[in-house]
Amino acid sequence: MPQSPLPEYVPLAEVVRSGMLESVHYGAVVGLSPDGRIAYARGPVHQPMFPRSSAKPFQALAMLRAGASLEGSSLAVATGSHSGEGLHVAETERILTAAGLTADDLRCPPDSPGGKEAREEFVRAGREPERVLMNCSGKHAGMLSACVAQGWSTGDYLDPGHPFQVLVRETVEDLCEEPVAHTAVDGCGAPQLAVTLTGLARGLWRMRTAPGGSPERAVVDAMSSHPLYVAGTGRIDTDLMTRMPGLVAKGGADGVLLLGAATGETVAVKISDGDAEQRARTLVALDALRTLGVDVSSVQDRLRVDVHGGGAPVGEVRPL
């Protein structure tokens, strides 16, 4: 398969240790104004990328369009990349039970909890990985619920040609106002659809600014009202939405973060190195929101990350 040329990513954050520049995180960031115009852009914001789990709000909208009976915390966990805590498992199982299904119907890989306390309890109990503990199980339960609502088959719901996945693709293209550039397999086994960073931001902006009572608003309102179900205890998405009322936050693997303010400003970030330690994407995204005029003072501490040496802070990661 021919390789696409590397995107021309730009410096977005710098790492300073003891007064000396140590490294730089490159990437791209786009910010939309409340009326949906591009008001801030750095790097290749019009080049296709994989949004990864940042696309889950779009997939959840497809669930509602298919007739899935999801609301409140069940809709939030369907958008989530949860930590496998008890409340996440219970809500996921409730979705499955309501659809007449069980965790055996999930097709995501078995996993152990991602949350620290839940993982420690899991290890102490000597348990084996389970599908319902995988961070995408809420999304998969929602997909299955949609299939049952439509009378579609459930054993092959992850096939890109399955009616539900076709609906997801149509929903993504509708929201992002651009064609899907490429289809891959995500970490959970579901189809992963490539769009531009601008398209990703536009999709959330359209959901965030949709009329009250619409399915689009139902998804984002569920996320901002039930932040613990979108991620988990101590997680970035949950923390940001808890401390910034009305904010919608959804991270994705390999350096992606999508933020939508209550006033309509929307930011999408892609850190090119994947941001494995998650030390760059949040401060870059919040800096972009601040540049757009959004008050981020309630999460001011998230605009820098300490660099440690000898057990104490000796520098910082900061936006450029």
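Q: Which residues count as nonpolar, charged or polar?
A: Ala, Val, Leu, Ile, Met, Phe, Trp, Tyr, Cys and Pro count as nonpolar; Asp, Glu, Lys and Arg as charged; the others, Gly among them, as polar. The model here is predicted: local features need pLDDT of at least 70, side-chain atom pairs count only at pLDDT 80 or more, and totals for chains, interfaces and linings use all residues. Residues are numbered from 1 along each chain as its sequence is written, and side-chain values use heavy atoms, with hydrogens and water left out.

Q: How many cavities of 30 Å³ or more does a search of the whole structure find?
A: Rolling a probe the size of a water molecule over the atoms shows where empty space is left. On a 1 Å grid over the protein atoms alone, a cavity is a set of points where a 1.4 Å probe fits but cannot get out; a pocket is an open set with protein on both sides within 12 Å along at least five of seven lines; lining residues have an atom within 4 Å of a point. Points are joined across faces, edges and corners, and a volume is the space filled by probe spheres set on them. The search finds two such cavities.

Q: Which element gives the largest share of the lining of the largest cavity?
A: Helices (H or I, at least four residues) and strands (E, at least two) are DSSP runs, numbered from the N terminus. S6 gives the largest share, four residues. Helix H1 (56–65) and helix H6 (163–176) each supply at least two. The lining has eight nonpolar, two polar and no charged residues.

Q: What is the strand order of the open sheet?
A: Strands of a sheet pair through backbone hydrogen bonds, either parallel or antiparallel. Here, two strands pair if DSSP finds at least two bridges between them. The order is S4-S6-S5, with antiparallel pairing. Strand S4 (48–49) and strand S5 (182–185) are the edges. Two bridges join S4 to S6; four join S5 to S6. Methionine 49 has valine 195 as its bridge partner. S5 and S6 form a hairpin with five residues between them, and glycine 189 in the turn has a positive phi of about 100°.

Q: Which residues lie nearest the centre of the second largest pocket?
A: They are Ser81, Arg235, Gly252, Ala253 and Gln278, among 23 lining residues. About 440 Å³ of space lies in this pocket. S7 gives the most to the lining, three residues. The classes are seven nonpolar, ten polar and six charged.
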